[in-house]
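Here is a short report on one protein model.

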Amino acid sequence: GVVGRLVNAINPLQPPPKAHSLLVWVCHLVSSRSASTSSDASAAQGFILNDEPITLFRLELERLQYILHFPEEVAFQLSATEYQLFYSIQPMDYVRYVSCDLTSVPVIDNPSPVRNLVKRLSEVSSWITHVIISMPTHDDRKTALTSIIRMIDVCWNIGNFNAAVEILMGLKSEKLRPFWLSLRHDEKQKYEQLCEMLLPSNQAAPSTPYLEAVQRALRMPQCRLIPFFGVFLRDLYAIVNDMPNVVVIGHERNKERLEV
């Protein structure tokens, strides 16, 4: 299909992502908010069809677009928001989110605040895609890409791995196919390196550089670490699927049994 041709054009010498890789799982996580019938095919190829309407974080992202040429400042402002969001969520909220999802509760009706992290992943990635395709000329798009790559670098360096993944997913939109096809290999090299560090396509576990970076951040008291929440969710799905049943305590101390 179209996405398959895109992948082959960008990485003609590389095999497609493995079905159980972290990259494909995150693509499914983003695509789960879309009603697109081709989302599964896109995820299997490591690309997304991100038509997520930007609503919850719209004002923040519109404001940041005005300072896009100051990628360090954009990265720090994204981190300020995400630090508050990430650490306002309790561990049990992740279990509740997974349990509701596995019992077919729609994301919009999921009572867990983790849904806001999923929503932010979708909205930030959609925003990044929009930033590039809305530029009037090819040179402007390349300039925007340079700023966006710098944003990912800064997020990595300050320990905001969650935003780094959100931004990188925006660069994986199928809508950017013509743009990626127009770039030389050396212009895509940094992007491909970031993909292998943050969203490996050949393994289910996070990459070694990612795990080492998280460990370094944990040893730095001044670092406001924000790990990628999707890794937690993936582990929880694996655990819950291996258990005969799970009892979830609701917000009002009501017990709910999850049969899996």
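Cys-27 is buried, because its relative accessibility is 0%. Cys-155 also counts as buried, because its relative accessibility is 0%. The model is a predicted one.

How many disulfides are there? The count is zero. A disulfide needs two cysteine sulfur atoms within 2.5 Å. For Cys-27, the closest cysteine sulfur is that of Cys-195, and it lies 9.6 Å away, so the gap is too far for a bond. In general, a disulfide is a covalent bond between the sulfur atoms of two cysteines.

**Overall make-up**

The protein has 260 residues, and 50% of them are buried. Its secondary structure consists of 13 helices and two strands. Take the contacts between residues at least 6 apart in sequence: 69% of them join residues at least 24 apart.

**Helix α2**

Cys-27 belongs to the buried residues of α2. This helix covers residues 22-31, and nine of its ten residues are buried, so the rest of the structure largely encloses it. Which residues of α2 are buried? They are Leu-22, Leu-23, Val-24, Trp-25, Val-26, Cys-27, Leu-29, Val-30 and Ser-31.

**Helix packing**

| Helix pair | Axis separation | Crossing angle |
|---|---|---|
| α5 and α8 | within 8 Å | roughly 50° |
| α7 and α9 | 7 Å | about 50° |
| α2 and α7 | within 9 Å | roughly 95° |

Start with α2 and α7. Their axes cross at roughly 95°. That angle makes α2 roughly perpendicular to α7. On the α2 side, the contact uses Val-26, Leu-29 and Val-30. These meet Val-118, Leu-121, Ser-122 and Ser-125 of α7. The contact residues of this pair divide into five nonpolar, two polar and no charged.

Helix α7 also packs against α9, with the axes 7 Å apart and an angle of about 50°. The angle therefore makes α7 oblique to α9. Their crossing is right-handed. From α7 come Arg-120, Leu-121, Val-124, Ser-125, Ile-128 and Thr-129. From α9 come Glu-166, Ile-167, Met-169 and Gly-170. Here the residues split into five nonpolar, three polar and two charged.

Next come α5, residues 71-87, and α8, residues 138-158, whose axes come within 8 Å and cross at roughly 50°. The two helices are therefore oblique to each other. This crossing is right-handed. Which residues meet between α5 and α8? Helix α5 supplies Pro-71, Glu-72, Val-74, Ala-75, Phe-76, Leu-78 and Ser-79. Helix α8 supplies Ser-147, Arg-150, Met-151, Val-154, Cys-155 and Ile-158. By type, the residues of this contact are nine nonpolar, two polar and two charged.

**Loop residues**

Leu-68 sits in the loop between α4 (58-65) and α5. Is Leu-68 buried or exposed? Leu-68 is buried, because its relative accessible area is 3%, and under 20% counts as buried. Neighbours within four places in sequence aside, Leu-68 is in contact with Val-74, Val-131, Met-135, Ala-144, Ser-147 and Met-151. The C-alpha atoms of Leu-68 and Ile-148 are separated by 8.0 Å, although the two residues are 80 apart along the chain.

Asn-160 is placed in the loop between α8 and α9 (161-170). Asn-160 is buried, because its relative accessible area is 0%. What does Asn-160 touch, not counting residues up to four places away in sequence? The partners are Leu-78, Ser-79, Glu-82, Cys-155 and Ile-226. Cys-155, one of these partners, is itself buried at 0% relative accessibility.

Ser-104 lies in the loop between α6 (91-102) and α7 (114-133). Is Ser-104 buried or exposed? Ser-104 is exposed, because its relative accessibility is 63%, and over 50% counts as exposed. Its backbone stands out too: Ser-104 has a positive phi of about 65°, although it is not a glycine. Most residues other than glycine have a negative phi.

Key: Residues are numbered from 1 along each chain as its sequence is written. This is a predicted model: local features need pLDDT of at least 70, side-chain atom pairs count only at pLDDT 80 or more; totals for chains, interfaces and linings use all residues. Side-chain values use heavy atoms; hydrogens and water are left out. Buried means under 20% relative accessible area, exposed over 50%, partly exposed in between (1.4 Å probe, protein chains only). Axes are lines fitted to C-alpha atoms, for helices over the stretch in contact, and angles run from 0 to 180 degrees between N-to-C directions. Helices (H or I, at least four residues) and strands (E, at least two) are DSSP runs, numbered from the N terminus. Angles under 35 degrees count as roughly parallel, over 145 as roughly antiparallel, 65 to 115 as roughly perpendicular and the rest as oblique. A crossing is left-handed if the near helix is turned anticlockwise from the far one by less than a right angle, and right-handed if clockwise. Contact means heavy atoms within 4.5 Å. Ala, Val, Leu, Ile, Met, Phe, Trp, Tyr, Cys and Pro count as nonpolar, Asp, Glu, Lys and Arg as charged, and the others, Gly among them, as polar.
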